[in-house]
Structure formats: C-alpha cells, structure tokens
Amino acid sequence: MINKILVSACLMGFKVRYNGSAKAHLSAQLALWQQEQRLVIHCPELAAGLPVPRPPAEIMLADGKDVMHGQARIIENSGQDVTEQYQLAAWLALRTAQTSSCSAALLTEGSPTCGSQFIYDGSFSGVRKAGMGVAASLLSENGIAVFSENQIAELIAWIEEREGQKISPRKGDYAG
Ligand code: SF4
C-alpha cells in the first residue's frame with residue numbers, strides 16, 4: 001500500500017501564496033509521485049476562505065503549537081488578528097489528510113501555516129525562528145510525518161523504509 005502525501009498547493013505551482021505567487025518546487029520526484037496518485041494537493045489557508053492575495057501574517061512570539069493550544073495569536077501586518085482563520089486552516093488540513101489517508105505531508109517552509117522547521121518571528125522584519133506553523137504542528141501532533149521542500153531526500157528515505165523498496169532519486173530533486 002502506498003503512503004499518500006498531503007502537499008502544499010503552492011509547491012505544486014498553484015499561485016495561492018499571500019502575494020499571489022507560487023513557490024513552485026515541482027521536482028521530477030514530485031511529478032512521479034503525482035503520476036502514482038500519491039499526492040493530495042491542498043492549500044489550508046485557501047480552504048479556510050482566505051483570499052489571494054492576502055496580507056502577510058506571522059505568529060506572535062510563539063509557534064503554531066501555541067496557537068492551536070490557544071496560547072498565541074496570528075496577526076496580519078495591518079494588525080488584524082486572524083488567529084481563528086488560521087486555526088481553521090490547520091483543522092481543514094488535518095481533515096483533508098485524514099480523509100485522504102495521507103501518512104505524510106510535504107509542506108512549504110517558513111509559512112505560519114505550513115512551515116515545519118522555521119517560521120517568522122512576528123516582527124515582519126524577515127527574522128526567522130525555529131518552529132512549526134499551525135497546520136504542520138497539528139498534522140504532526142496527529143501522527144502525520146511532516147517534511148519541508150528542503151527534505152525531499154528524507155521523505156524518500158521515509159517512504160522507502162515503510163514500503164520496502166528503493167526509490168531512485170530523480171534528477172533535479174535536491175535544488176533546495
Ligand atoms: S497555506 Fe501553505 S499551501 Fe497555502 S499558500 Fe501558504 S504555504 Fe502554500
């Protein structure tokens with residue numbers, strides 16, 4: 001049985017980021033997984049009804065886990081509190097992953113929703129900090145293995161371990 005992967009829509013070339021851009025990272029490996037119907041393409045923020053474009057938002061002095069536990073807020077650069085919308089985005093990502101039988105997620109790094117290794121610190125000055133976004137955190141807490149686009153090699157190894165077969169890395173998969 002194949003391990004299905006929830007993947008950030010912007011990584012697949014959809015222009016759904018806050019600024020109307022994609023973060024296209026469609027590698028040969030992702031193309032192959034898409035052919036195998038292994039990928040479930042999803043944008044949590046769009047699913048929660050946020051528009052494109054939308055103001056940038058950051059987690060204030062905390063991380064996605066704190067937001068999901070009601071201990072921190074997400075604020076747009078205008079000062080608008082959008083915590084509830086982002087919490088909904090996280091729950092919708094989890095529901096999509098669970099109803100689609102995804103065991104892993106490949107999410108865009110740095111986002112207050114999808115970031116898994118780092119997010120921005122809430123100062124809107126481009127300062128990174130270690131931590132997860134709201135969806136990455138909720139997925140991880142619910143047993144879904146979360147990887148960023150910088151961890152394609154780790155995701156390949158994770159799949160190989162579970163499926164017991166070698167996946168030949170495709171050219172261009174490690175562009176970071
Ligand atoms: S919520 Fe995730 S999938 Fe949607 S634009 Fe942001 S990083 Fe991409």
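Predicted model: local features only at pLDDT ≥ 70, side-chain atom pairs only at ≥ 80, totals over all residues.
Is Gln-37 buried or exposed? Gln-37 is exposed, because it has 9 other C-beta atoms within 10 Å, and a residue with 12 or fewer counts as exposed.

Leu-61 also has a positive phi, near 50°, and is likewise a residue other than glycine. Leu-61 lies in the loop between strand 3 and helix 3 (64–68). With 12 C-beta neighbours inside 10 Å, Leu-61 counts as exposed.

A further backbone feature concerns a proline. The peptide bond from Val-52 to Pro-53 is cis, with omega near -5°. Pro-53 is found in the loop between helix 2 and strand 3 (57–59).

I turn now to the interior. In soluble globular proteins, nonpolar side chains tend to be buried together. Here the largest nonpolar core has 48 residues, and those touching the most other members include Ile-5, Ala-90, Leu-106 and Leu-139. The element giving the most to this core is helix 4 (residues 83–99), with seven residues. Leaving aside residues up to four places away in sequence, Ala-90 touches Pro-44, Met-68, Thr-113, Val-134, Ala-135 and Leu-138.

Finally, the ligand. Which residues come nearest to the ligand? Of the 13 residues around it, these are Ser-8, Cys-10, Cys-43, Ser-111 and Cys-114. By class, the shell comprises seven nonpolar, four polar and two charged residues. Helix 2 (residues 44–47) gives the most to this shell, with three residues.

Terms used. Residues numbered from 1 in each chain as written. Core = buried A, V, L, I, M, F, W, Y, C linked by C-beta atoms within 7 Å. Buried ≥ 20, exposed ≤ 12 C-beta atoms within 10 Å, placed from the backbone. Helix = DSSP H or I, 4+ residues; strand = E, 2+ residues; numbered from the N terminus. Contact = placed C-beta atoms within 7 Å. Near = placed C-beta within 6 Å. Nonpolar A, V, L, I, M, F, W, Y, C, P; charged D, E, K, R; others polar.
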